[in-house]
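Thank you all for coming.

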Amino acid sequence: MKKVNVIVLLFIGLLFGYSSLFAQSITKNLFKIERNKNANVVMYDVVLGNDGSIDKTHPMDVYWLMNATDGQREEISAFEKKAYGYSITYNDGGYYDLVLKAIKDRPIKVVTIEGEIKPEIRVNDKTAYLSKVYVFANNDFIPKVQYIILTGTDVDTGDQVAEKINKNK
């Protein structure tokens, strides 16, 4: 084999071997957190593997969408993770258990229904697919959450459902 062919084959092998380093992650939005402070929102996306299932090594991508300024993406800081952080674990039942720091008492079950990934949560004692969490906080130096509104779609009926959770305790 000629030297040129060997070099070309090596280059192609390296290119395909390292293509995963350059591949973009595929994500799908699960839900968002809106706030009364401004139009910026926290986006909660699942990261998908090549087969369309949730990536078990890096299942979530959480970030700001800066709608109050330029609409750009911005990473969540370590300090902000205290309010907007989460924990996610794979469950042997074939789904993920997701717990948000903002609503620790309402676990979210991330399931795949007919090939579509959806976040299930209890809203008004009904199972719903979560679309949005709205957080209302006072304007004190250290803001205190007054209430949270969960919004989603009833799994059984397809109706929009919402529940206000007061945090004034």
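This is a predicted model: local features need pLDDT of at least 70, side-chain atom pairs count only at pLDDT 80 or more; totals for chains, interfaces and linings use all residues.

Residues are numbered from 1 along each chain as its sequence is written, and side-chain values use heavy atoms, with hydrogens and water left out.

The chain has three helices and 11 strands, where helices (H or I, at least four residues) and strands (E, at least two) are DSSP runs numbered from the N terminus. Along the sequence, these elements follow the pattern α-α-β-β-β-β-α-β-β-β-β-β-β-β. Of the 169 residues, 32% count as buried; buried means under 20% relative accessible area, exposed means over 50%, and partly exposed lies in between, with a 1.4 Å probe and protein chains only.

Let us turn to the hairpin. Strand 10, residues 145–154, pairs with strand 11 in the antiparallel sense over seven bridges, and two strands count as paired if DSSP finds at least two bridges between them. Five residues separate the two strands, and glycine 158 in that turn has a positive phi of about 80°. Within the pair, threonine 151 stands opposite alanine 162.

Back in strand 10, aspartate 154 is buried yet has no salt bridge, the nearest side chain of opposite charge being lysine 126, at 4.6 Å. A salt bridge here requires a side-chain nitrogen of Lys or Arg within 4 Å of a carboxyl oxygen of Asp or Glu, and in assigning charge, Lys and Arg count as positive and Asp and Glu as negative, with His and the chain ends not counted.

Finally, the loop between strand 8 (116–123) and strand 9 (126–137) holds asparagine 124 and also aspartate 125. Asparagine 124 has a phi near 50°, a positive value in a residue other than glycine, and aspartate 125, which is not a glycine either, has a positive phi of about 60°. Asparagine 124 counts as partly exposed because its relative accessibility is 38%, while aspartate 125, with a relative accessible area of 69%, is exposed.
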